[in-house]
Number of protein chains: 2
Amino acid sequence: MWRDLASIGRDRRSGGYRRYAWTGADTDCRAWFRAQAESRGLAYELDRNGNQWAWLGVATAEDIALGNAVVTGSHLDSVPDGGAFDGPLGVVSAFAALDRLREDHAAFTAPVGIVNFTDEEGARFGLACVGSRLSAGGLSQKQAHALTDGDGITLPQAMERAGHDPDAIGPDPERLARIGAFVELHIEQGRALADPAALARTGADSGSVGPRGRPVGVASAIWPHGRWRFDFHGEANHAGTTRIEDRRDPMLTYAATVLAAREEALHAGALATFGKVAVEPNGVNAVPGLVRGWLDSRAADEDTLAAVVAAVEHAAAERGRRDGVDVHVTRESRTPVVEFAHGLRDRIAQQLGDAPLLPTGAGHDAGILSASVPTAMLYVRNPTGISHAPAEFAEEDDCEAGVAALADVLEGLACR
Amino acid sequence: MWRDLASIGRDRRSGGYRRYAWTGADTDCRAWFRAQAESRGLAYELDRNGNQWAWLGVATAEDIALGNAVVTGSHLDSVPDGGAFDGPLGVVSAFAALDRLREDHAAFTAPVGIVNFTDEEGARFGLACVGSRLSAGGLSQKQAHALTDGDGITLPQAMERAGHDPDAIGPDPERLARIGAFVELHIEQGRALADPAALARTGADSGSVGPRGRPVGVASAIWPHGRWRFDFHGEANHAGTTRIEDRRDPMLTYAATVLAAREEALHAGALATFGKVAVEPNGVNAVPGLVRGWLDSRAADEDTLAAVVAAVEHAAAERGRRDGVDVHVTRESRTPVVEFAHGLRDRIAQQLGDAPLLPTGAGHDAGILSASVPTAMLYVRNPTGISHAPAEFAEEDDCEAGVAALADVLEGLACR
């Protein structure tokens, strides 16, 4: 499976993946998913929102009515220059775990589904988890139709070009009602599992932690997070002739805001990042007229997050007054804290030999689904902690341990 | 002439011009120049470097051998979202001044040429004054062939697509040797001519300065200037999961460097600007792996410029050590101070009623030519000082005054 996926959407220069929703690379990933489903004799379904499903079982109306299906999976799209594992590890492990259970002649008592959620990263249209948000009803068709990418192409246009009907998208409660439990396996996006000291801080049993940590963990919660766009409006001018004191240079206000965000996050024990910037006119010899910077911020609780963002906004406005620059802040997305279903997560952690419980700052489709379906997540050790970058990496042994753990969890849920 | 030029390469949204070298908009500007030359019965020439010339006279070998031609003109390309006047005012005024002299039956004793230098702004290939540098021998064919634009298109490829032979480019000493004097008229790129106090500081005779300043001035010198690319190499990572203390975030180092540049310039009475930035991967939820920022810096003398740039480099390296970010600085261009020929400039200033002498931080083809040809510049008042931006503006009366001044200067030089 990895060999087939390796070249899809890979940028030769950076070595990273550029699998953005509804592009050619995404279409290739989706064709791969369908082929994997069909080669295993699984029933393939494409839902109204472009999410792909592969079912073992769910043949009868009774099965559907019972709502006891066990679903696993993740996503296949990527951030710009993302790594190989974020998303695909969950999908590949899902197929591999199902293969293992079938080889062992597991006695399934409930249907099992594998899912590929569409546009989880939001790299193209700026909003993460579009496929799961639409199905769960947290994003309306109207809101989704208003999304545009950096080239001005709307989400409906992109869907149409990829052969998907944009007028079909919307909530899908019947499909979600089939699901009794959703388990998403994901590469860890920090290095807690690789760091015995960090595991100790989570309260993990020291007897179960080796010198290299543990290969598999279980998610406890997803931090609340959001994205805010900061528009810094100054006055475009000639960099070679405009006196320093006559300038209204928005790059200065942006720079001061970047540094303020770092300080506020550090003091609050939170995260705040300016990773994306757009400058007009972006010429070497031009004082910019407009600088746009995007703030990504996350914290362990809602109050801390709100305080960090308010402090960054305050610092931006203050510096803007000094620079003669107007600052406008737009909240582009906001996801509340997610506590995964305690019963399910604790049972899974116990089943996996008291696997450590870890919180994360990263959003996932599992977080979106958790509002309507009992949901859990497994993490696979990431020795460097690098994520959303070409150097993202997991050891093959740890990936195997992830498959074994996922198979155990599925067996516990679907073979009762 | 303005009506014909108004719509070429104009961006509807910004209202600014995007006339980059060897693009369709540039081709349209060049076709306009040729048509202007031919409609006036001037001899049209395209030189090996793509510079366009329109000649009144220069018919005989004797004329050429005398090297007494008087040339005026400027450029027609633009920065991203540039104004209408920067460049075109010098070309339009050249044709208008020649028209006026011919209507007045001026008795020319020397050939007169009008020139449109190619790729003055360097907006596309990153190096300013490519056309004049090539002709004057300051840029070799090999160096020019190595230039690439933001899409990876090389200068030779761009020339070929526009129908120009890239293997023809190189030094053009014979053509420059024809020229006895070059005078470039340009909109002022600051507001000294509009500011009686600023004019007083240049030593202008207060009796010749009105409450709104003066419509026309003469260049004294061009400040030394250069462009330096700062590459900040950190580690790309997930913005939602990487702890603040585990990050090597180059955006922080970039931000601190932007602020340091402003402080250094202010203290030194110089100019330092970061107006262009490129980020990889430039995703909202990704700590960048690489931030590139371009420093444009200029000062009244070479030592001050060197000191400012060294101080900015030092601040960047210092902050980089703190952030775990490697900083590499590449000098992309460096233009020494230009003192315009004192005899010519003083004679012109006197002829124009003791016009004020002004230095500038902006580079021009006149600065490049001044090494091989006696060269002068006229400035036309810019009431707001805005330059390299859509709001750049000059009053119609001041443009007329510029044409009249240029006609007087040409008459003084070519009708002796």
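Domain bounds are here those given by an automatic or database domain assignment. In this predicted model, chain A is divided on that basis into domain 1, which comprises residues 2-223 together with 337-414, and domain 2, which covers residues 225-335. The centres of domain 1 and domain 2 of chain A, taken over C-alpha atoms, are separated by 33 Å.

The boundary between these two parts of chain A was examined next. On the side of domain 1 of chain A, 11 residues are in contact with 11 residues of domain 2 of chain A, and the two domains bury about 880 Å² between them, with 49% of this area on carbon and sulfur atoms. When the residues of domain 1 of chain A that touch domain 2 of chain A are sorted by class, five are nonpolar, four are polar and two are charged. Between domain 1 and domain 2 of chain A the count of salt bridges is zero, whereas four residue pairs, both at pLDDT 80 or more, are in polar contact.

The size of an interface is often given as the accessible area lost when the parts come together. For chain A and chain B this buried area is about 5,200 Å², of which 59% lies on carbon and sulfur atoms, and the contact takes 64 residues from each of chain A and chain B. Of the area that chain A buries against chain B, 14% is supplied by A:Ile244, A:Arg262 and A:Val284, more than by any other three residues. Two salt bridges are found across the interface of chain A and chain B; the side chains of A:Glu280 and B:Arg13 meet in a salt bridge with an N to O distance of 3.6 Å.

In soluble globular proteins, nonpolar side chains tend to be buried together. The largest nonpolar core of the model holds 58 residues, and the members that touch the most others are A:Tyr254, A:Leu295, B:Tyr254 and B:Leu295. Apart from this core lies another, of 50 residues, which includes B:Phe85, B:Ala106, B:Ala181 and B:Ala355. When residues up to four places away in sequence are not counted, A:Leu295 touches, among others, A:Trp228, A:Phe230, A:Ala261, A:Phe274, A:Val309 and A:Val312.

Note on methods:
Residues numbered from 1 in each chain as written. Chains lettered and ligands numbered in written order. Predicted model: local features only at pLDDT ≥ 70, side-chain atom pairs only at ≥ 80, totals over all residues. Heavy atoms only, no water. Core = buried A, V, L, I, M, F, W, Y, C linked by side-chain atoms within 4.5 Å. Buried < 20%, exposed > 50% of the residue type's maximum accessible area, 1.4 Å probe, protein only. Contact = heavy atoms within 4.5 Å. Buried area = accessible area lost by both parts, 1.4 Å probe. Salt bridge = Lys/Arg side-chain N within 4 Å of Asp/Glu carboxyl O. Polar contact = N/O pair within 3.5 Å; in protein donor to acceptor, adjacent residues only side chain to side chain. Nonpolar A, V, L, I, M, F, W, Y, C, P; charged D, E, K, R; others polar.
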